[in-house]
Amino acid sequence: SQLLSETKRFSEISHEEFKTRAETSERLFRQDRERLAQVDDKLAHMSTMLPETLDKTNAERELLGAEHLETKEQLMRTHNRLLDAVAHLDKLQHGLEETNTELRRTQLSLSDMQKQISQDWLAAGD
């Protein structure tokens with residue numbers, strides 16, 4: 001009878017331990033399933049966000065590239081205008097030098113004519 005009661009007691013303890021382990025396993029399994037569901041949700045969200053982020057990043061990069069290109073084109077236009085202005089100034093400088101040379105010739109010619117008139121005047125007065 002004692003053996004029977006010890007066996008029964010052992011059986012009850014084993015059953016209780018088995019039941020506790022089964023409940024613990026079930027609880028852990030549910031927690032793992034919930035965690036996996038959360039991970040799946042996060043992955044789905046990231047999968048949605050990633051293309052949007054890439055699109056926004058590419059759009060920003062293209063915009064910055066276009067702004068850079070636009071700035072570069074503006075600089076090139078300004079540079080070309082400055083080169084044109086310098087070329088125009090060179091032409092004006094050359095024209096001014098020619099005018100100055102012609103003015104000196106005219107002054108010399110007038111001076112020679114004045115001398116001639118003075119000599120002619122003096123010769124006529126003698």
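Visitor: Let's start with L43. Is L43 buried or exposed, or partly exposed?
Guide: L43 counts as partly exposed because its relative accessibility is 46%. The classes are buried under 20% relative accessible area, exposed over 50%, and partly exposed in between, with a 1.4 Å probe and protein chains only.

Visitor: Before I go on, what kind of model is this?
Guide: This is a predicted model, where local features need pLDDT of at least 70, side-chain atom pairs count only at pLDDT 80 or more, and totals for chains, interfaces and linings use all residues. Residues are numbered from 1 along each chain as its sequence is written, and side-chain values use heavy atoms, with hydrogens and water left out.

Visitor: OK. Where does L43 sit?
Guide: L43 is in helix α1. Helices here are DSSP runs (H or I, at least four residues), strands are E runs of at least two, and both are numbered from the N terminus.

Visitor: Which residues gather in the patch of negative charge?
Guide: E12, E16, E17 and E23 gather in that one, on the surface. Asp and Glu count as negative and Lys and Arg as positive, while His and the chain ends are not counted. The place of a charge is NZ of Lys, CZ of Arg, CG of Asp or CD of Glu.

Visitor: And E12 itself?
Guide: E12 is in helix α1, which runs over residues 2–125. With 41% relative accessibility, E12 counts as partly exposed.

Visitor: Zooming out, how many helices and strands does the protein have?
Guide: One helix and zero strands. The radius of gyration is 53 Å, well over the 14 Å that the globule rule gives for 126 residues, so the protein is more spread out than a compact globule. That radius is taken over C-alpha atoms, and the rule is 2.2 Å times the number of residues to the power 0.38.

Visitor: What does the C-alpha trace span?
Guide: About 180 × 25 × 10 Å along the principal axes. You can see the stretch in residue pairs too: the C-alpha atoms of K8 and K42 are 34 residues apart along the chain and separated by 50 Å. For T53 and A85, 32 residues apart in sequence, the C-alpha distance is 47 Å.

Visitor: How much of the protein is buried?
Guide: Buried residues make up 0% of the 126. The accessible surface is about 12,100 Å², and 60% of that belongs to carbon and sulfur atoms.

Visitor: What about K8 and T53, then?
Guide: K8 is in helix α1 and counts as exposed at 53% relative accessibility. T53 lies in helix α1 as well, and T53 is partly exposed at 40%.

Visitor: How many positive and negative side chains are there?
Guide: There are 18 positive and 25 negative ones, with the centres of the two sets 10 Å apart.

Visitor: How many salt bridges?
Guide: Three, where a salt bridge is a side-chain nitrogen of Lys or Arg within 4 Å of a carboxyl oxygen of Asp or Glu.

Visitor: Give me the partners and distances.
Guide: R30 pairs with E26, with the closest N and O atoms 4.0 Å apart. R35 meets D32 at 3.4 Å, N to O, and R105 meets E102 at 3.2 Å.

Visitor: Why are R30 and E26 about one helical turn apart?
Guide: Because they are four residues apart in helix α1. R35 and D32 are also separated by about one helical turn, being three residues apart in helix α1. R105 and E102 are three residues apart in helix α1, about one turn.

Methods
Patch = residues over 30% accessible without salt bridge, like charges linked within 9 Å, V, L, I, M, F, W, Y side chains within 5 Å. Areas by Shrake-Rupley, 256 points an atom, 1.4 Å probe, with all protein chains shown as cover.
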